[in-house]
Amino acid sequence: MFQSLINFAQSTGIAALVDMFRSGNWIEAIGTPIMIVIACVLLYLAIVKKFEPLLLLPIAFGMLITNLPMFKGADAIVMHPEFFTDPEYLKPDGHLDMSLILGEGGLLDLLYLGVKLGIYPPLIFLGVGAMTDFGPLISNPKSILLGAAAQFGVFFTFVGALLLGTLIPGIDFGVKEAASIGIIGGADGPTAIYVTKTLASSLLPAIAIAAYSYMALIPVIQPPIMRLMTTKKERGIVMEQLRTVTKTEKIIFPIVVTIVVALIVPDALSLVGMLMLGNLAKESGAVDRIAKTAQNELMNIITIFLGLTVGATATAANFLSMNTLGIIALGLIAFCFSTAGGLLLGKIMCKLSGGKINPLIGAAGVSAVPMAARVAQVEGQKENPGNFLLMHAMGPNVAGVIGSAVAAGVFLSMFAG
C-alpha cells in the first residue's frame, strides 16, 4: 500500500516539475511556469476582454495543456512538436513520419496534422466566404486598390525582419522566417498560419498569437494612425451611396476571381478558391444547407481544432526566445504600416476624385473583417455624426482578404521550394 502511494506521488505533475529542476534543464524548469502564466493571461484576455475569443481561447488552452508538467500515462493528450520539426523524427527526405505520429502521437498530434498538411486554413476561408458579402467591392471596384495598398505592411515587414535577423544577435530570421512574419501585416490569422506552417513551422505559435492578438487590438492600433495621417475635413467626407449589385454579378464574381488567381498566383488558389466557393454557395441560393454548414458547424469545429493545436505547439523551448520578442515587435510594425499604406492610397484617391472619397476607408484594407471597417465607420462619425462609411469600408475590407491570400501565394511560390 505504501509503495502504491509512492508510485502515485511520483506520477504527478509536481514530481515531473521537481525532476526538471534536478536534471538541470532550466529552460523547461523555469519556462514551464512562465508559459502557464502566459496561457492564463491569454485566457483572461479572451474571456474577460473579449480579444478574438473564438480563436484566442482555444490557443491559450492548448498552450496551457502542453506546458503542464506531463506524467506517465498522459500520452492521450500530450503534444509532440518535435515530431513535426525535429530532423531526428522526420524521414530522410524531410517529410513527416506518419507511422510514428499515428503510432506514438497523442490526440493533439493527430489534430495538428490538419495544420501541418494545410487543411484547416482553407476550410476557415470556406466559412469566411460563406459569410462575406462582396457587394460593396463589386459596386466600387476601385476598392480593390485599397485592399492591395494595405498589404504594404506585409512586404515592408518582410524586409525589416531580414534586417533584424542580420543586425541583432540571438534573432535568427532568414527569408522563410521573414515571409512568415511579414504576412502578419495582412491581419488574417488563417493566412499567417498557412504560410508559417510551410515556411517556418517553429515560429508558428508566436506568429499565430501575435497575429490574433493584434487583430483584436485593431480598434486600439488604427485610430491614432488614422487621425495622424488624415485631416479633420478628410475624415468628415460623406461618400455617395453605393449602387445596388445584382445577383448575377455576385454569382459571376467568385468564379472570375478564382480563374484570375489560378492563372496569376496558383499558390494562393487553395485559400482564395475555398473563399470563393463559400461565397458562391451563399450567393447562388442553390445550396443553402452547404452555405449554412460552412458558416456555422464546420467553421466552429475547425476553429477549435486550429486554435487548440497551434497553442499546443507553444512550449517553453520554442516560445521563450529572442525570436518571439522580434515577432511581437515586427507584428505591430506590420499592422501599423499596412494601415498607413491603405490610408496613403486613400488620400491620393481623395485628391484625384476631387474630395469624393473618404481616405479613412483605406485603413479598412487590412483583412480583419468586419472589425477594420467598423473602426473606419466610428472614426468617420466622430467628425460627422451623419457620416455612414461602413458599406464603403467593407469594399477595401473584403479586398484585403483576397489581397492577403495573394500575398501569401507570392511568398509560397518564391520560398516554399
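Me: How far apart are the mean positions of the positive and negative charges of the protein chain?
Reply: They are 14 Å apart, with 24 positive and 24 negative charges counted. Keep in mind that this is a predicted model.

Me: What share of the residues is buried?
Reply: Buried residues account for 52% of the 417. As for the surface, the protein chain exposes about 18,600 Å², and 70% of that comes from carbon and sulfur atoms.

Me: Switching to rings, how many aromatic pairs are there?
Reply: The structure has 12 aromatic pairs. One of them is Phe152 with Phe156: the ring centres are 5.7 Å apart and the planes are at 40°, so this pair is tilted.

Me: Where do Phe152 and Phe156 lie?
Reply: Both are in helix H11 (residues 152–167), four residues apart, or about one turn of the helix. Phe152 is partly exposed at 43% relative accessibility, and Phe156 is partly exposed at 36%.

Me: What does Phe152 do with Phe337?
Reply: Phe152 and Phe337 form a tilted aromatic pair, 6.2 Å centre to centre with 50° between the planes. Phe337 lies in helix H21 (residues 322–352) and Phe152 in helix H11, so the pair ties together parts 185 residues apart in sequence.

Me: Which residues do ring pairs link into a cluster?
Reply: Phe155, Phe158, Phe411 and Phe415.

Technical notes. Residues are numbered from 1 along each chain as its sequence is written. This is a predicted model: local features need pLDDT of at least 70, side-chain atom pairs count only at pLDDT 80 or more; totals for chains, interfaces and linings use all residues. Side-chain values use heavy atoms; hydrogens and water are left out. Buried means under 20% relative accessible area, exposed over 50%, partly exposed in between (1.4 Å probe, protein chains only). Accessible areas come from the Shrake-Rupley method with a 1.4 Å probe; for residues, only the protein chains shown count as cover. Lys and Arg count as positive and Asp and Glu as negative; His and the chain ends are not counted. The place of a charge is taken as NZ of Lys, CZ of Arg, CG of Asp or CD of Glu. Rings of Phe, Tyr and Trp (its six-membered ring) pair if their centres lie within 6.5 Å; planes under 30 degrees apart count as stacked, over 60 as edge-to-face and the rest as tilted. Helices (H or I, at least four residues) and strands (E, at least two) are DSSP runs, numbered from the N terminus.
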